[in-house]
Amino acid sequence: MDDTIEAAPAPATVHHGAEAGRAVPRRTGEGAEERFRGLLEAAPDAMVIVDDTGTIRLVNAQTEALFGYRREELLGRAVELLVPGRFRDHHTAHREGYADNRQVRPMGAELELHGLRKDGTEFPVEISLSPLETADGLLVSAAVRDVSDRKAAEERFRGLLEAAPDAMVIVDDTGTIRLVNAQTEALFGYRREELLGRAVELLVPGRFREHHAAHRAGYADNRQVRPMGAELELHGLRKDGTEFPVEISLSPLETADGLLVSAAVRDVSDRKRAEERINELAALVESSQDAILAKTLDGHITYWNAAAQRLYGYTREEVMGRHVSVLAPAERQDEIAVLLCRLRDGEKVEHFETLRLTRSGDLLDVDITLWPTRAPDGTVIGACAIVRDISDRKRAEAELTMLYKQQRHIALTLQRSLMGTPPAIPGLATASRYRPATQGAGVGGDWFDLIPLGAGRVGVLIGDVMGRGLEAAAVMGQLRSAAHALAKTGMQPRHLMQALEAVVADLDVPDQLVTCCYLVIAADAGEVTICSAGHLPTLVACPGKDTEALPAPVNAPLGVGGVLYEQSRSVIPPGATLVLYTDGLIETPGSDIEDQLGRLTDTLSDLFTVGPDLEKAADHVLAALLPDAEGHNDDVTLLLARLPEAPLATVATELPAAPESVPEGRAFLGRALASWDCTIPADDARLLLSEMLSNAVRHAQGPIGLHLSRTATELTVEVSDHSPQLPQPRIAEGDEESGRGLFLVRALADSWGVRPTDEGKATWFTLRL
């Protein structure tokens, strides 16, 4: 039996109804045709057979299911019925071109094809074409496959590919790039079309390309997943020729077209720079000369550098994981707990000086700086410490401190010897305080002096040589000695200041300025005569009254030159206290001198609501004005002097410059002594007064003043005249009648003296009662 038929003969007629879709077979080929139809129906794809005019001749059930038409709706119709409208014009030309070519076209020929369902919806398809030569002409068999699911999967794959954070490069087994994402374009600088179809070595630096092909071939044989960061030093090459470090993870993809390899490429330039920086810092930490250690918040050591080993004697292995308290002596254990608590609170501890214990049991003076380490969210997770051995510094500081104390003691001893110790003056209550500067050796130029002038008069002197150091102290010593000697002559304050100006000029110390104030207190008259050379105001504190400045002319400091100094005289209430001081008391850093002067005045007013003890008052003033006893950078001098009580009795008279004034003066003295009930030898007093009156009558100009005053302990007799010439004791010859008066005064009086006055001079003597 001949089973051969003509290959898929074109049907002679097309029937409708029950016979639709079946070509009328020739009697001899009915068996072969039935087998052909069975194969057509069994095909997994939709099968559409058209003739050379494009008319559909045969379809199978899959065609009906795929396109939604019944079989009889397709047979005899143009195949363009199944093609979307926008492609129909071109489809006819493609079909005619195929008729000329007649080659088999397999599925998936990289054509974007679409089918059109009866309901008007389009869907992607793949079509394989096969020519069938029959006795009736050319037939073309089209196997149509719906690839909607595959296309959707491809779109999802492409979406995932584009959404990947890394550059994704997919290559086939020949190393040809098949797919890339947008991150690849951004990372390497190429457009997508410049990469697709190119060898992947395009993205590899030239020096690595020869080996890369071998590595790629080796991976094709191995096909294992290689994760990111596989400890390989890899580099990429951008379009502009620059190289950059990368990490690459590889994944094999088995596809119907063969092996594909997915490469996720990550630029690690920033991380590499950070690693290099970390390595540099680690090297610095390890090479540091200071001990550096890290610990947990509960105090267990987690890092220990080489300097820590040298400092403490423990190796890294010996201390890692141990509690940091191993480094503290027993008496400092509580200190460790306190420091850890401060670190847990996020506090940084800087330059904390303490003692630490070495492995050998030695104690070290150390300076520790601790700071908390934090997680990215700011949480404190540990702590680091820098420890510096300061034992040598501590020893040097101790030696310097001892040397400083020695030098300070020497300097202060020198200064106090130059300043001298003012004498205690009967009837004059005083309190003085001197505070050397707390910086340097403490030597400065402050001084004060109390000078008994006789006849119930007292000189008070205070001064300040600008600057500090031994030079200032030396100038101070010279000025104090000169001022004391000049004051003892009884000269008036303005004359003394004029003389001190000459002394400063003679010292030949460039730019040296001195402030100075000299007061003469006359207790019997309740007067104070003052001359100030640029010094701070002298204050007068009276019980029950506000403290006020003593009126005084404004004069320039000593050392300015060309100044004519002026003085003033003021009456002071009984029991008033004079307050003298240097600028160190009120010129303090960070404060205004006027504010500090006001503060001093207020403090004194509060203290002198009643007559306070002067010693307690001096301490209170220093505490109020200098609360930090160790924080002043200039020496400070404070002097409180309460005016002496007035004499118990005084009388005065005026006599002409005539011989009869001598007996008249003696009689005046006798009456006064009798009324005062004085127990002194009256004859001595009358004799001395006679000598002084005789000198005044003979050598001076009248009128002559006679002033007598008595205290509880002494009698003072003072004779004044209008002659500026001071008497000078001289040795009289044996035949001379005069020249012996002052010798008698010197011999019989307990004290005597002469002083210039504005009108002339005054000569006086005292006798103890």
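Is R277 buried, partly exposed or exposed? I looked this up first, and R277 came out partly exposed, with a relative accessible area of 47%. For the record, buried means under 20% relative accessible area, exposed means over 50%, and partly exposed lies in between, with a 1.4 Å probe and protein chains only.

**Ground rules.** I am working with a predicted model, in which local features need pLDDT of at least 70, side-chain atom pairs count only at pLDDT 80 or more, and totals for chains, interfaces and linings use all residues. Residues are numbered from 1 along each chain as its sequence is written, and side-chain values use heavy atoms, with hydrogens and water left out.

**Helix α9.** I stayed with R277 and found its side chain in a salt bridge with that of E280 (3.5 Å, N to O). My rule for a salt bridge is a side-chain nitrogen of Lys or Arg within 4 Å of a carboxyl oxygen of Asp or Glu. R277 and E280 are three residues apart in helix α9, so about one helical turn separates them. E280 is partly exposed too, at 45% relative accessibility. Helices (H or I, at least four residues) and strands (E, at least two) are DSSP runs, numbered from the N terminus.

Next I checked K272, whose side chain forms a salt bridge with that of E233 (3.4 Å, N to O). This pair links distant parts of the chain: K272 belongs to helix α9 (residues 269–287), E233 to the loop between α8 (209–222) and β8, and they are 39 residues apart. I noted E233 as exposed at 58%, while K272 is partly exposed at 22%.

K239 is partly exposed, at 42% relative accessibility.

**Tally.** I get 44 salt bridges by this rule.

**T577.** Last, I turned to strand β24 (residues 577–581), where T577 lies. T577 is buried, with a relative accessible area of 0%. Its side chain makes a polar contact of 3.4 Å with that of R642. A polar contact is a pair of N or O atoms within 3.5 Å; within protein, one must be able to donate a hydrogen and the other to accept it, and residues adjacent in sequence count only if both atoms are side-chain atoms.
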